[in-house]
Amino acid sequence: MSEIDRSAALDRAFGYPYAAPTHDYIFRSGTIEPLQDDAPLDGRTPVLAIGSNRAPEQLTRKFGTGSDAIIPVTWTTVADHDVVYSAHIAGYGSLPATIHRSPGTRVQAAVTWLTTAQVDRMHETERVGFAYDFFPLDVDIVLNRTGRRIEEPVGCYVSLGGALALDGEPVALAEVPAEGRNFQELGQREKLGVVHARFGAGGSLEEWVIDHLGDRALPRRLALYARMRAHTLPYPKR
């Protein structure tokens, strides 16, 4: 791997969940524009975006810049939940997000409005059935800007491996704002450092991350996941 490729890979790993606008927007062929009040949402499926799926950078990776890559994104607040680290490492080196119950916490999340084909593509990228489950949360989802309550079920990707709880409880993503947070919060790089210190075999954090990238490192990631499973908490369904 060249130094340029190495630097870009580390930026991607440490940058999760990536920057996102704080206003409602339309992702359109790799660009963004403010969401207008008359933007069509009917006929699309609302899917909660708790981690990188709220970010234009990640939507571009997943959906490209073609003429059909159009996704409205609206902001909401999810009550009695928080966004925490999942108990697995992604193929691009980040510790991705999952959602977990947290009484009294109100966490910021987005709703992506997807076509049927886009839902299928999102399921593929989230590796539903292997890395994530997908089901509607039993919470009211009200859009921040308009106050509209979404009447239909809003699906969410929830880690099949559960939340990583090395010290007995989940750790929240510091990059995701929340009110009334009960859990400790850490940024992505700091949390990767904790996992490296617990499960790594010496060396630098950067080299450890590089060693877990891509298809070639899948056996290494699976071995790490197996060790993490002793320190996880499942999402508590009611």
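1. Let's start with Tyr18. In this predicted model, Tyr18 has a relative accessibility of 6%, so it counts as buried, the cut-off being under 20%. Tyr18 also has a charged neighbour: the charged end of Arg61 sits over its ring, 5.0 Å from the ring centre.

2. Which class of aromatic pair do Tyr16 and Tyr18 form? A search of the whole structure turns up 3 aromatic pairs. For Tyr16 and Tyr18, the ring centres are 5.8 Å apart and the planes stand at 75°, so this pair is edge-to-face. Tyr16 is buried as well, at 3% relative accessibility.

3. Next, please look at Phe135 and Tyr235. Their rings make a tilted aromatic pair, with 5.9 Å from centre to centre and 50° between the planes. Phe135 belongs to strand β6 (residues 132-136), while Tyr235 is in the segment after β12 (232-233), so the pair ties together parts that are 100 residues apart in sequence.

4. Are the two partners of that pair buried or exposed? Phe135 has a relative accessible area of 14%, which makes it buried. Tyr235 is also buried, with a relative accessible area of 11%.

5. One more contact to bring up on your screen involves Arg189 and Phe14. Arg189 lies over the face of Phe14, at 4.2 Å from the ring centre.

Notes. Residues are numbered from 1 along each chain as its sequence is written. This is a predicted model: local features need pLDDT of at least 70, side-chain atom pairs count only at pLDDT 80 or more; totals for chains, interfaces and linings use all residues. Side-chain values use heavy atoms; hydrogens and water are left out. Rings of Phe, Tyr and Trp (its six-membered ring) pair if their centres lie within 6.5 Å; planes under 30 degrees apart count as stacked, over 60 as edge-to-face and the rest as tilted. Buried means under 20% relative accessible area, exposed over 50%, partly exposed in between (1.4 Å probe, protein chains only). Helices (H or I, at least four residues) and strands (E, at least two) are DSSP runs, numbered from the N terminus. A charge sits over a ring if NZ of Lys or CZ of Arg is within 6 Å of the ring centre and within 35 degrees of the ring normal.
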